[in-house]
Amino acid sequence: MQRNVNVWARVDWFTIILYLVMVLMGWVNIYAAVYSEEHRSIFDWNMRYGKQMLWIGAAIVLALISLSIDTRAFSFFAYFIYALSLISLMLVLVLGKEVNGARAWFEIGQLRLQPTEFAKVATCLAVAKYLSSYNARSDKLKTWIIAGIIIAVPAVLIALQPDIGSVVVFAAFTLTFYREGFPGIILLFGFLLVFLSLIALVASPFTVLIVILVIALIAFFIVRQRIPELLVAIVGLTISYFFSRMIAVRLLHFPDNPYYYLLFATGVMGVIALVNIVRKKIRYVFWIVFLTFVAIGFTYSIDYFFDNFLQPHQQQRINILLGKESDPKGAEYNVAQSKIAIGSGGFFGKGFLQGTQTKFNFVPEQSTDFIFCTVGEEWGFVGSFIVLGLFVILLLRILHLSELQRSAFSRIYGYGVATIMFMHVAINVGMTIGLLPVIGIPLPFFSYGGSSLWAFTLLLFIFLRLDASRLEVLR
Amino acid sequence: MNNQFANRYYIISGIFVLVVLIYLIRLFYMQIIDTSYKFSAENNSQRYVTLYPARGLIYDRKGQLIVSNQAAYDLMVNPQELRPFDTATFCSILGITPEYVRQTIRKARNYSRYKSSPFLYQIPDSVYAAFQEQLYRFPGFYVQPRTLRHYERKIAAHFLGYVGEVDSSHIKNDSYYQMGDYIGMSGMEKAYEKELRGVKGVKIYLVDVHNRIKGSLANGRFDRPAVQGKNVTATIDADLQAYGEKLIKNFRGGIVAIEPATGEILALISNPSYDPQMLIGRARAINFVRLRDDPSNPLFNRALQSKNPPGSTFKLLNALVGLQTGAITPQSTFGCARGYTVGPVHVGCHVHPTPLDLIGGIQYSCNAYFCNVFRRIIDNPKEKNRFSAYQHWRDLVMSFGLGKKIQTDLPHELGGNIPSLEYYNRIYRNSWNSVTIISLSIGQGEIGITPLQLANMAAIIANRGYYYIPHSVRLINGYDSIDMRFKQKQYTAFDSSLFDIVVEGMYRAVNGPGGGTALNGAVKGLDICGKTGTAQNPHGDDHSIFIAFAPRNNPKIAIAVYIENGGFGATIAVPIASLMIEKYLTDTITRPWYEEYLRTKTIIYPKK
């Protein structure tokens, strides 16, 4: 049963107003960021703020188009759009223009388009389409493998550009998966993996191994809830470690590297655990032992990956974030200048167009990836608070609306929108305030650039269109 | 798969809120609690440009300008703004080599890519004009105006001193200075650095990340203009100084002239000298090394630093000590048999009437007379023993400003030497007597006295017993605000009444009647009183010395002339002093043949 209702009456005006407010704030801040005495007019088309006005105009057109398309079309064409997007991602690798070392742009005359941004919309649609299908059951491993492939394919294509920042954004979909029944324990494990990766990059293999063993022992205790077994495990590890080390070094004259002997001890205890697992039929403990070894292998390969796959500047940025390297004129310069700009803003900020750090180009990429610096410097803590507050309100509003959807497609899509935006905000702001490494991704609605603005507009307004007719579709 | 997992809505919402909360806490810390970012921001975006003041002008005592300033331009380079440029033209305009360009740019880059570094110091006016027209062709270069000293006359190099760039020790000692500042290194420039340097100003510009100027901070509200240094009126008479320098040109030595009534230094000459203009601008470094390595040592200020035996001029002091201690009276008469002989010791003398009283002893500079005087002083029965007698002698002598620094305002003054009692006790193991140290009677031996001290000696006698500390500055910014110590009479330990006898001897030495050692120095009507000296020199010919003052009553000038290897005092020192006195007092020269004599007279100085 379907009812056709006037979309303008049903559409969520609250979100639209939030959207317009943020886009306008973004425009004003771009004006402040690239302001120059020779081009005072905000409508000057030679400057980024003039162009951004054009992009905003186009975005509003896109929004109107999105709102006027039949709801069913999005679901119907989801895979088609996804396929188009994949093709565009492949084409850009061949035909694209290289900017800042990434082949990520189509250049058509004056206009530059970044297919990566639109791939997020397409992937969001495809994920929603797949997970809302009857075949996709949350308790089946196959469901999550296929869903994983849906996000992995564009992610890999983007990684080839290479644009690691956008790849990371695709990880946002795991939160959507989680809402749809993806086991939380795996997500937790994934989070642990990220945590271990960071440890692996910072600490020595020996320390990493100890961290893994501590986590494993905690998990073991949580599963078994028996102190004697925990003690046996700890004592067993300790004895086999010191015993093997003593024999190897003293009698066999092997080199004395603690890491190998702790690894050996872990292996010994693993075998003993497996024997007990078979004897006592305790399945969960098998997983703990298995995952412990996976974690060991994983952390070991992290270093390999870091050394062989990441670009030097990315390695450097990560190293700086992890405090392993200091280079005030290189990668750290960006973060340092960004922090100085934001930190010097104070409570009320320096005032519109008064930010010396952003106005005089101390902050790199100030109109795109580092637009939040302008907010922080010129509007102070008040401005930062308002901007982050608007984002939280928007995100929670989208989640709330998603939960109201009767159609699984709409709900999943809504979650996709919210989690992608969240990931963008978290990474972008996190990097400007020095909490995350500098991986260049835009701040939704604020950063200068047509592609990103249009993609986020599409992302949001497709959801608003779906939401406007949430009463029409009764599954 | 739908609402079975609806509670996860709260977990996901919670994650969103949590992350934003963490960020807000971080922002609160960065923007409100931690203030270090604000300082960083100011350092980032404000450029302090130092405005260098011009140093104060220096005038001579008659108001003649002797040191002024000239504009100079430091060429600065900002590596960030450099673009490829026509090196050949660039080098030919500035007169530098491409190698210099390469090296200096590399150095500037190493210092900072964004901040300017000096590229070429003190481009002369003429080059600057040519370069200015072409400046647009060399982006990244700009010109910073500075002022350099300009010397109106090529005189008084040692008196005026020179200005150089500060080094790290100056910066450590006085926080006023920064790298690249100038400071007085010697002479008046050093002594009156605080008055002459002025106050640096500052202009605060807002700059962008490329260090490009975007305007001034708050419309220049916080800018401070540079304040020019105070103008200083020196005590010297530029014409007298120049005249003295002309007369001494062929000789090595020092001349100091003092106004006895004030202690003002009228001329302070050391030769060999140099053109002060040599030690400014870009040539300074090269010229300084050249002057430093010159075997004739033109940087050595003989007037303040060469310590030599005063020769017979010292007899005046022994006469005064003899009178003061009662060892002799003006009527004490001694004979002279072409010298003075005690046992193995013989001090020679020249031919003159004998016997002589004190006035005659001074007039004819009789060695035997003063050997007797000195022995009477040391062997004075009123003294406990020879040691206390010597100590008394030394105390009286030192009250003349000898054997210690006079504490003039000019830097690098040396104190000379009057041997101490301990010194003689040590080298002679206490077994010495008046004969052992008899050479002190005629100003030989271990005594060391600088030309400044000699001149001061003349001034004391001219004043009949006191002096003002010789100094180099009369007025600061037109006001008589020099140090109080130059205003205080320094009394010697001698009764004023004793001097007239000595002055009479000095008058007769120059003017007769009869003979005299400095008769060639007499100028009719000027009443010059003087005493020659001939200091024995183990390394070569004797040094020619003359101290004098004039007129006899109410003297206007006291002078000491010290000419190394000049022979008898009368040979060179007397003509120079006489001409300078005449020049100063009458501003005319009546004896051009003397000038000619000095101009053609040469002394072969040993190459050291």
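1. Strands β11 (residues 253-259) and β20 (residues 557-563) of chain B run antiparallel and are joined by six bridges. One partner pair here is B:Val256 with B:Ala560 of β20(B). Strands are DSSP runs of E with at least two residues, helices are runs of H or I with at least four residues, and both are numbered from the N terminus. Keep in mind that this is a predicted model: local features need pLDDT of at least 70, side-chain atom pairs count only at pLDDT 80 or more, and totals for chains, interfaces and linings use all residues. Residues are numbered from 1 along each chain as its sequence is written, with chains lettered from A and ligands numbered from 1 in the order in which they are written.

2. That pair belongs to an open, antiparallel sheet of five strands in chain B, ordered β12-β11-β20-β19-β18 (strands pair if DSSP finds at least two bridges between them). Its edge strands, each pairing on one side only, are β12 (264-271) and β18 (529-535) of chain B.

3. Now the helix: α18 (residues 451-463) of chain B lies across β11, β19 (543-550) and β20 of chain B, at about 145° to β20(B). Axes are lines fitted to C-alpha atoms, for helices over the stretch in contact, and angles run from 0 to 180 degrees between N-to-C directions; contact means C-beta atoms, placed from the backbone, within 7 Å.

4. Chain B as a whole has 21 helices and 20 strands. Among its contacts with a separation of 6 or more, 72% link residues 24 or more positions apart.

5. Lastly, the two chains meet through 38 residues from chain A and 33 residues from chain B. On the chain A side, α18(A) gives the most, with eleven residues.
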